[in-house]
Structure formats: C-alpha cells, structure tokens
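Visitor: I am new to this structure and would like to learn how to read it. Please take me through it one feature at a time.

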Amino acid sequence: MSIENLILPLVGGVLIGLGAGLFMFSNGRLAGISGIVDELLGRWPARWPQSLAFIAGLPAGLLLWQLLSGRSYEITLTHNALLLIPAGLLVGFGTRLGNGCTSGHGICGLARLSPRSLLATGIFMAVAIAVVSLKQALS
Amino acid sequence: MKTSLALLSGLLFGLGLAVSGMADPKVVQGFLDVGGIWRGDWNPALAMVMIGAIPTTALLYRMAGDMPPPPSREITRRLVLGSALFGLGWGLVGICPGPALENWLADPIALTFLLPMLAGMALARLVPAGKN
C-alpha cells in the first residue's frame, strides 16, 4: 500500500466533505451531483446560477489539481464505445430513477443517516462489485 | 455571493475527486474488484474517500443546522431498481456522475460516456413519478 493508495484518497475525501458542507452552509443544498445536473436538463429553476456554478467547479477542480501537482491527470478508461455508451445511459437513467448517485446517496445521504440512502448505496455498491468481479472472472 | 460559494463548493468537490483518484475509472474498479483482497492487489482508495468524506460532511451538516427534508422517506421500487441500474453501469466502466463531469479533461473519450449519461438522465424524466 503506497501513500497514493491511502493518504491522497483520505485527503480527497475530506475535500469532498468540505465541498458538500460549504454547499449546505452557503446554499442550504445537498451536493448530490446527479440531482444538480438533472435540474439543468429540465426547465431551469430560479436557482440555476448556483447549480451551474457548482457543476462548473468540478472540472475546475481537476485543473486545479493538475496545477498543484505539477503533472497532467491521467486516467485509464476503456475506449470501447459499445461499453461506454450503454454504461453512460445506465448511470444517467439509474441515478435519476433512484434519486441519487455516489455523492447524493453515498456521501450526503449517509452523512445524515438516511435509511433510503443506506439501502441505495448498498444496492449500487453490491451490483457494481458483482459486475466487476464477473468481468474479472471472465477475463 | 451564493453563486460564487456554489462555485467554490464545486471546486473543492472536484478537487477532492481528482486528488483521491476517484476521477480515474481504474482506481474505482480496483476497489470494486474485491477479489483483489485475496489476490493482494485490492485498491482501498474508495473506502478511504468515504472515511474522509462522510464524517466531514456529517460534522458540517450538524453545524449548518436546518437542512432540506429528504424528498421521500419511503423505500420505493424506483429507488431499488434505479440504484441497481446505476450499479450495473458504474461497474461496467467505473465512472459515476461526479467524475464524469471532470475526467473528460484528462481523456476526451470520456465524453462517449458523459453525453449518453445526460441522455439517460433526460430519459428518466419520462418515467412518471408517483407511488412506484
């Protein structure tokens, strides 16, 4: 286990928590990302400037980390569109049907001890673990 | 003021996703691949993120006091089915909505995920709400 495996994720988690907390202090809102994006896909509500600002902050955060770390952010992602497109559709559709994603249910919901979020998080974690394990077994 | 603080909130959140490695699908899949616990190559990053994020959020929420009420308290079929479909897509490539909104900067191929994700969200609006 390297420092990158443990300390950076812990620090990153605290930063995520600070972002979620600041959004509650300043706007009285939960930092559920799928819900915030969803608002901007329909008729824009009066609070659209804040929703848009929060969403714009996300890619800015990646750019800031590139600046602070002094290296470009590298990711490893399949380039298979036959996997990416259905996965994107499922994530978009599923998070809205289930009213939350990893941030809304997994962080904000669990932080306020919501039973619905606990169930949702248990389900999406279990299914995702099953899918990855199956893929691993087949490869 | 509210808008600039919303931007700062998103910036902190997005920075956290990047710092923690959550914007990299390989790190997320390395966590979801629990067989790694026995093989010795499991990546605990996502667990560490939760350990950092949930107590921090809980503490700040407590300090903030009044919070918006949950949209619903009921366990619905929507919640169960939606979360299962999300888990399926998440497991397939290792991207969830937050990372999807920033990791296209690292590899534009991620837009092949982000755009269908937005379409999927729009599609879910067609599912009638109500007691299901």
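Visitor: Which residues have the most contacts inside the largest nonpolar core?

Guide: This is a predicted model. Its largest nonpolar core holds 80 residues. Those with the most contacts inside that core are Ile16(A), Ala20(A) and Val91(A), along with Val49(B), Ala100(B) and Phe113(B). The element that gives the most to this core is H1(B), with 9 residues.

Visitor: What is Val91(A) in contact with, leaving aside its neighbours within four places in sequence?

Guide: Val91(A) is in contact with Phe86(B), Gly89(B), Trp90(B), Ile95(B), Cys96(B), Pro97(B), Met117(B) and Gly120(B).

Visitor: How many residues does the contact take from chain B and from chain A?

Guide: Chain B puts in 95 residues and chain A puts in 94 residues. On the side of chain B that touches chain A, the elements giving two or more residues are helix H1 (2-20), helix H2 (25-32), helix H4 (45-64), helix H5 (77-93), helix H6 (97-100) and helix H7 (111-124) of chain B. H1(B) gives the most to that side, with 18 residues. Sorted by class, the side of chain B that touches chain A has 63 nonpolar, 23 polar and 9 charged residues.

Visitor: How many helices and strands does chain A have?

Guide: Chain A has 6 helices and 0 strands. Read from the N terminus on, the elements of chain A run α-α-α-α-α-α. The C-alpha trace of chain A spans about 50 × 40 × 30 Å along its principal axes. Of the 139 residues in chain A, 53% are buried. Among contacts in chain A with a separation of 6 or more, 42% are accounted for by residues 24 or more positions apart.

Visitor: And what does the secondary structure of chain B come to?

Guide: Chain B comes to 7 helices and 0 strands. Its C-alpha trace spans about 45 × 35 × 30 Å along its principal axes. In chain B, 54% of the 132 residues are buried. For contacts in chain B with a separation of 6 or more, the share from residues 24 or more positions apart is 45%.

Visitor: Before we turn to single helices, why do residues three or four places apart in an α-helix point the same way?

Guide: An α-helix has 3.6 residues a turn, so residues three or four places apart point the same way.

Visitor: Is H5(A) mostly covered or mostly uncovered?

Guide: H5(A) is mostly covered, with 7 of its 8 residues buried. The buried residues are Gly104(A), His105(A), Gly106(A), Ile107(A), Cys108(A), Gly109(A) and Ala111(A).

Visitor: At what angle do H5(A) and H6(A) pack?

Guide: Helix H5 (residues 104-111) of chain A and helix H6 (residues 115-138) of chain A pack at an angle of about 150 degrees, and their axes are 8 Å apart. An angle over 145 degrees counts as roughly antiparallel, so H5(A) and H6(A) are roughly antiparallel to each other. Their crossing is left-handed. From H5(A), the contact is made by His105(A), Gly106(A), Gly109(A) and Leu110(A). From H6(A), the residues are Arg116(A), Ser117(A), Leu118(A), Ala120(A) and Thr121(A). By class, this contact has 3 nonpolar, 5 polar and 1 charged residues.

Visitor: Where does Leu113(A) lie, and is Leu113(A) buried or exposed?

Guide: Leu113(A) lies in the loop between H5 and H6 of chain A. Its phi is near 55 degrees, a positive value in a residue other than glycine. Leu113(A) counts as exposed because it has 10 C-beta neighbours inside 10 Å.

Visitor: Where is Asn99(A) found, and is Asn99(A) buried or exposed?

Guide: Asn99(A) is found in the loop between helix H4 (81-97) and H5 of chain A. Asn99(A) has a positive phi of about 60 degrees although it is not a glycine. The cut-off for buried is 20 or more other C-beta atoms within 10 Å. Asn99(A) has 25 of them, so Asn99(A) is buried.

Visitor: Where is the place of Lys135(A)?

Guide: Lys135(A) is in helix H6 of chain A. With 15 other C-beta atoms within 10 Å, Lys135(A) is partly exposed. Lys135(A) and Gly98(A) are 37 residues apart in sequence, and their C-alpha atoms are 24 Å apart in space.

Notes: Residues are numbered from 1 along each chain as its sequence is written. Chains are lettered from A and ligands numbered from 1 in the order in which they are written. This is a predicted model: local features need pLDDT of at least 70, side-chain atom pairs count only at pLDDT 80 or more; totals for chains, interfaces and linings use all residues. Two residues are in contact if their C-beta atoms, placed from the backbone, lie within 7 Å. Helices (H or I, at least four residues) and strands (E, at least two) are DSSP runs, numbered from the N terminus. Ala, Val, Leu, Ile, Met, Phe, Trp, Tyr, Cys and Pro count as nonpolar, Asp, Glu, Lys and Arg as charged, and the others, Gly among them, as polar. Axes are lines fitted to C-alpha atoms, for helices over the stretch in contact, and angles run from 0 to 180 degrees between N-to-C directions. Angles under 35 degrees count as roughly parallel, over 145 as roughly antiparallel, 65 to 115 as roughly perpendicular and the rest as oblique. A crossing is left-handed if the near helix is turned anticlockwise from the far one by less than a right angle, and right-handed if clockwise. A residue is buried if 20 or more other C-beta atoms lie within 10 Å of its own, exposed if 12 or fewer, and partly exposed in between; C-beta atoms are placed from the backbone. A nonpolar core is a set of buried Ala, Val, Leu, Ile, Met, Phe, Trp, Tyr and Cys residues joined through C-beta atoms within 7 Å.
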